[in-house]
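Dear colleague,

Here is the structure I promised to pass on to you. Please have it open beside this message while you read my notes, which follow directly below it.

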Amino acid sequence: MLSAASAEVIRATLPAVAGALDEITPAFYRRLFAAHPELERDLFNRGNQARGEQQKALAGAIAGFAALQLEPDAARVESILTRIANKHASLGITADQYEVVHTHLFAAIVEILGDAVTPEVASAWDEVYWRMAETLIAMESGLYQSAGVRPGQVWREVRVIRRRYESPDTVSFALAATDGTALPSFRPGQYISVAVTLSDGARQIRQYSLTGAPGQEQWRISVKRIREQPLPDGTVAPAGEVSNHLYDNVFEEDILTVSAPFGDLVLHQDDSPLLLASAGIGCTPMIGMLSHLAETADPRPVSVLHADRSATDHAHRSELADLVDCLPAGVLYRWYEDLGVRAPEQTLRRGRADLADMVIAPDTRVYLCGPLPFMLGMREALLERDVPADRIHYEVFGPETWATT
């Protein structure tokens, strides 16, 4: 809990600080990268920086955490920070880096808010920052311990032993340890980070879900080529730097630098009925979960929903169907915007996915992954069907911009 004095100050200043975060966070990153250009080149996602997504994620995390210090909600704090801690661990973030962030973040706050940052205001927000930082540091320490590595020492080399097309724009890579030993196990739904050196010398890192079952000697990831895309506002979404590099340049016998497995979108250890809903390349954590469920012949009801542009675009299309067929009580629903010449069927439909005709048991656990509009639409529909919010779990490919909504 915040001290009473700090809580009073935060309550009074939160609207002003939250309202200025859209200015504070860009100023923070500008200062941070001026002092430490290696962080922009070798750690932060340059695409997310250019699109402003990382700035929005940081602003949302700060505002959300501060608000939760005034109206404590331990479960919500856990939800927000667990996802951040897993991402940080997959990047090898260490405790000393929080001091660097503190220096430049508070300089940015003073730059934007000026004289409004009195000693009392600075002290209160300093308390909020370090409560958040120390909680993350402790979480990350636990994640490193569970992974059997020292803090930050998450990287290892693996060899690509198989490359296979899963759709015209998606390839999967089977990965093995370079010394022939078994790779560490993981929890169904987790991901690894992949670090690559690009043509301009920058070291960029991205996360990819593990699509095999835990306990196997090898890992497998899938990578979708991301082309430039025009956006409704007239701008252009840039091509994917790391995904396209992997798609275009990585083949059998190549060596990749990857992290230990992390991620909080994992199957809970209970017997609840499951609904796994995905769109596009968001199918990958679901493939990992289904591989585990199929391997263990899990008897519980499992409904799998997938939406895509077409059967051609659907990565892992046949594998998804095969895995669901292996489940004693599994059923697959697919929606394609373009069905081609095929007529709609009961579990194969044209258009965008919906839940209208699906039976959802009251105690169902739901796992979502895909573009943010898809997940927000699914979540709203699930809440309308009286699925409790704490039983709806999700994965975001990119900065966390949903955690405080």
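The sulfur of cysteine 369 lies 8.5 Å from the closest cysteine sulfur, that of cysteine 283, and this is too far for a bond. Please keep in mind that the model is a predicted one. A disulfide is a covalent bond between the sulfur atoms of two cysteines, and for a pair to count as one here the sulfur atoms must be within 2.5 Å. Cysteine 326 does not reach that either, because its sulfur is 17 Å from the closest cysteine sulfur, which again belongs to cysteine 283. A search of the whole structure accordingly finds 0 disulfides.

Cysteine 369 also leads us to a strand worth looking at. This cysteine is buried, with a relative accessible area of 0%, and it sits in β13, where it stands opposite serine 278. Strand β13 (residues 365-369) runs parallel to β9 and is joined to it by 5 bridges. With strand β10 (residues 302-310), β9 likewise pairs in the parallel sense, over 6 bridges, and there leucine 275 has serine 303 of β10 as its bridge partner. Together with helix α9 (residues 283-295), β9 and β10 make a right-handed β-α-β unit.

How many of the 6 residues of strand β9 are buried? The count is 6 of the 6 in residues 274-279, so the strand is largely enclosed by the rest of the structure. In a regular strand the side chains alternate between the two faces of the sheet. In β9, Leu274, Leu276 and Ser278 point one way, while Leu275, Ala277 and Ala279 point the other way, and all of them are buried.

With best wishes

Methods. Residues are numbered from 1 along each chain as its sequence is written. This is a predicted model: local features need pLDDT of at least 70, side-chain atom pairs count only at pLDDT 80 or more; totals for chains, interfaces and linings use all residues. Side-chain values use heavy atoms; hydrogens and water are left out. Buried means under 20% relative accessible area, exposed over 50%, partly exposed in between (1.4 Å probe, protein chains only). Helices (H or I, at least four residues) and strands (E, at least two) are DSSP runs, numbered from the N terminus. Two strands pair if DSSP finds at least two bridges between them. A crossover is right-handed if, with the strands pointing away from the viewer, the path from the first strand over the helix to the second runs clockwise.
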